[in-house]
Amino acid sequence: MSENWYLIFAFLLAMTFATSLLLTELVRRLALKWRFMDHPGERKMHESPIPLMGGVAIFTTFYAWLLVSFLAPRLFLEFGSEWWAERFLAGLGENAGAKLTGILAGGALIFLLGVVDDLKVLTPEVKLAGQIAAALVLVLSGMRIELFVLSSPWIGGAVTVLWIVGLTNSLNFLDNMDGLAGGISVIAACSFFLAVQAHEQYLVRLVLIIFMGAVAGFLYHNLNPARIFMGDAGAMFCGYILATVAIMGTFHTEQTPSRVAVAAPLLALSVPIFDTMSVVYIRWRKGESIMKGDKRHFSHRLVRLGMSQRQAVEFIYLVAGVTGLGAALLPKVGLGGTIIVLAQTVGAFLLIVLLMNAGRKNG
């Protein structure tokens, strides 16, 4: 990647972070004024009401800068032939407009669904229907999972819907402690950025950089003790964008040493996937509804082991960082390196399971 692209990405990261930082503070004050608060409850960790709707700042920053990045070069070309604008648009690819339309339309739908759920709690069935609709918007725009064994567009489309709905809910489930969902989103986006760096995928990296900055600006206000929450609108939107990027990105080419490189998204998002699967298993084993909220998430179990909320979140950041580095390495190593990376990832989560089991027996 040329030095010019690095400068563009650095500029966008700084501007999106600053924009989100200021917007989040504005949204926080408006939430206090209009009494959009998340009140303490049986399944919640905070002890006093916290302003909600931080997802509005993430969403607005992301959309504003993505549109600016896509439209500004076209304005330069309209009023004067700027060489950088031509190169920028060429680097995004021929189908960039269609892909961005799908991302923006589906993202807006999932965000609005989350806003309604924050203001008036929706039933799980209604939320699921809305999430499927948002996933279908993406599929209809031409983006779907394409693996070696999924040559059929119908099978690829169905798997794509399952992937998007699953990740959307996983990030929403993970949003149970100060700074957790936001921090994991930034780490996962960074892992994706490094994983696709070997290929000229400027559109994917543009989306990732803007997303990182938008979430990081909010995260400054959301770290323990949190001054604002992102709400379902923010959590589901983050999950949707990360799931979408995993579909857009190419992690295997003819030059990639191993086909297993396509598993990079699973490693980058292994923390929310592990959290969801473990909670669903615990609820199923106890004969409870898998949609019922509780305090059995990864983070909650770490607190029961004796960690503070801040320590639990930092521990999960570390796990996400380690597995994320594995995701970044996967497209760059051969079969031997692939086996080592996958074994390290599995080993890390097995150690966590052993830790949880030991803590439960001692408790």
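I looked up Glu25 and noted that it is buried, with a relative accessible area of 15%. Buried here means under 20% relative accessible area, exposed over 50% and partly exposed in between, with a 1.4 Å probe and protein chains only.

**Ground rules.** This is a predicted model: local features need pLDDT of at least 70 and side-chain atom pairs count only at pLDDT 80 or more, while totals for chains, interfaces and linings use all residues. Residues are numbered from 1 along each chain as its sequence is written, and side-chain values use heavy atoms, with hydrogens and water left out.

**Salt bridges.** I counted a salt bridge when a side-chain nitrogen of Lys or Arg is within 4 Å of a carboxyl oxygen of Asp or Glu. The structure holds five of these. Side chains of opposite charge can pair when their charged atoms come close.

Glu25 meets Arg29 in a salt bridge at 2.8 Å, N to O. Glu25 and Arg29 are four residues apart in helix 1, so about one helical turn separates them. Helices here are DSSP runs of H or I with at least four residues, strands are runs of E with at least two, and both are numbered from the N terminus. Arg29 counts as exposed, at 56% relative accessibility.

Glu25 also forms a salt bridge with Arg28, at 3.1 Å from N to O. These two are three residues apart in helix 1, again about one helical turn. I found both Arg28 and Glu25 buried. An α-helix has 3.6 residues a turn, so residues three or four places apart point the same way. I then traced the linked set: Glu25, Arg28, Arg29 and Arg227 belong to a network of salt bridges.

Next I checked Lys127, whose salt bridge with Asp117 has its closest N and O atoms 3.1 Å apart. This pair links distant parts of the chain, with Lys127 in helix 5 and Asp117 in helix 4 (residues 96–119), 10 residues apart. Both Lys127 and Asp117 are buried.

Leu26 sits in helix 1 (residues 3–34). I noted Leu26 as partly exposed, at 46% relative accessibility. Its C-alpha lies 9.6 Å from that of Gly54, 28 residues apart along the chain.

**Surface patch.** Leu128, Ile132, Leu136 and Leu140 make a nonpolar surface patch of about 370 Å². Patches take residues with over 30% relative accessible area and no salt bridge, joining like charges within 9 Å and nonpolar side chains (Val, Leu, Ile, Met, Phe, Trp, Tyr) within 5 Å. The areas come from the Shrake-Rupley method with a 1.4 Å probe, and for residues only the protein chains shown count as cover. I placed Leu136 in helix 5 (residues 124–140). Leu136 is partly exposed, with a relative accessible area of 40%.

**Gly55.** Gly55 is in helix 2 (residues 54–79) and counts as buried at 1% relative accessibility. What does Gly55 contact, leaving aside its neighbours within four places in sequence? I found Phe111, Phe229, Met230 and Gly234, contact meaning heavy atoms within 4.5 Å.

**Cores.** A nonpolar core is a set of buried Ala, Val, Leu, Ile, Met, Phe, Trp, Tyr and Cys residues joined through side-chain atoms within 4.5 Å. The largest has 83 residues, and those with the most contacts inside it are Phe62, Trp163, Phe237 and Ile241. Apart from it lies another core of 18 residues, including Ile184 and Leu302. Not counting residues up to four places away in sequence, Ile241 touches Phe62, Ile103, Val207 and Phe211.

Helix 9 (residues 231–248) has 18 residues and reaches 26 Å from its first C-alpha to its last, close to the 26 Å expected. The expected span is 1.5 Å times one less than the number of residues. Helix 8 (residues 202–222) is mostly covered, with 19 of its 21 residues buried.

**Backbone.** Most residues other than glycine have a negative phi, and most peptide bonds are trans. I listed the peptide bond from Asn224 to Pro225 as cis, with omega near -5°. Pro225 is in the loop between helix 8 and helix 9. Arg35 has phi near 60°, a positive value, and is exposed at 70%. Met53 has a positive phi of about 80° and is buried at 7% relative accessibility.
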